[in-house]
Amino acid sequence: FVFASSSAVYGEAVRLPIPEDHPLNPKSPYAASKISGEAFVMAFSELYGFRPVILRLFNVYGPKQSRAYVGVIIEFIRRVSRGEPPVIFGDGEQTRDFVHVNDVVNAIMLALGNDKARGIYNIGSGIATSINKLAKIILNVMGREDLRPIYAPPRPGDIRHSVADITKAIKELNYRPNVDLKDGLKQLIMSLTIN
């Protein structure tokens with residue numbers, strides 16, 4: 001049984017990159033619900049004897065991304081497509097680990113196909129990307145380097161740094177992220193019809 005959890009369970013990082021044994025410090029009901037889901041998976045696996053695999057997904061993006069999920073990538077692309085500069089909250093030096101949906105699907109398939117896979121695995125790119133760098137890549141890919149990001153006050157509760165330690169997934173699942181961020185963003189932009 002593979003459960004899709006979230007890096008949100010970690011909250012503010014006390015060490016980077018974030019390993020699976022990092023303290024859990026949820027900052028939202030969403031993160032708390034993921035911790036609860038993980039506990040249910042482990043309890044049911046003890047009771048019914050199935051093999052539990054929990055994948056803590058970092059910032060997933062990719063083609064056909066739901067418009068209901070408006071992350072920073074989609075918001076930047078929407079604004080730039082309208083000729084508006086991206087809005088960055090804070091100084092833009094906060095970091096995230098953006099992982100392409102194809103890499104996530106691959107991780108799920110590897111977990112399902114490996115009889116020894118058990119427990120918790122971080123699934124990310126293993127690369128910290130600042131929000132400033134993300135904006136720069138999107139502006140470049142969309143041919144709008146003339147637009148300069150606008151900076152707004154930081155949002156309360158935003159996590160400063162997040163990047164996955166994917167060592168365990170590499171060793172035990174043979175997981176290797178394959179989609180470069182710039183290439184993945186090109187695919188996403190081509191797949192979107194933005195209003």
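User: Why is R15 called partly exposed?
Analyst: In this predicted model, R15 has a relative accessible area of 36%. Buried means under 20% relative accessible area, exposed over 50%, and partly exposed in between, with a 1.4 Å probe and protein chains only. The value of 36% therefore makes R15 partly exposed. Residues are numbered from 1 along each chain as its sequence is written, and side-chain values use heavy atoms, with hydrogens and water left out. Local features need pLDDT of at least 70 and side-chain atom pairs count only at pLDDT 80 or more, whereas totals for chains, interfaces and linings use all residues.

User: What does the salt bridge between R56 and E38 tie together?
Analyst: The closest N and O atoms of R56 and E38 are 2.7 Å apart. R56 lies in strand β2 (residues 53–57) and E38 in helix α1, so the pair ties together parts that are 18 residues apart in sequence. Helices (H or I, at least four residues) and strands (E, at least two) are DSSP runs, numbered from the N terminus. Both R56 and E38 are buried.

User: Why is I73 called buried?
Analyst: I73, in helix α2 (residues 72–81), has 4% relative accessibility and so counts as buried.

User: What makes P153 exposed?
Analyst: P153 has a relative accessible area of 62% and is therefore exposed. P153 is found in the loop between β9 (150–152) and α5 (167–173).

User: How do you know that F44 can belong to a surface patch?
Analyst: Patches are made of residues with over 30% relative accessible area and no salt bridge; like charges are joined within 9 Å, and nonpolar side chains (Val, Leu, Ile, Met, Phe, Trp, Tyr) within 5 Å. F44, in helix α1 (residues 29–48), has 40% relative accessibility and so counts as partly exposed. Together, F40, F44, L47 and Y48 make a nonpolar patch of about 490 Å², with accessible areas from the Shrake-Rupley method, a 1.4 Å probe and, for residues, only the protein chains shown as cover.

User: Which residues lie nearest the centre of the second largest pocket?
Analyst: They are I127, T129, D180, L181 and K182, from a lining of 13 residues. The elements that give two or more residues to this lining are α4 (131–141) and α6 (181–191). On a 1 Å grid over the protein atoms alone, where a 1.4 Å probe is used, a pocket is an open set of points with protein on both sides within 12 Å along at least five of seven lines, and lining residues have an atom within 4 Å of a point.

Methods:
Salt bridge = Lys/Arg side-chain N within 4 Å of Asp/Glu carboxyl O.
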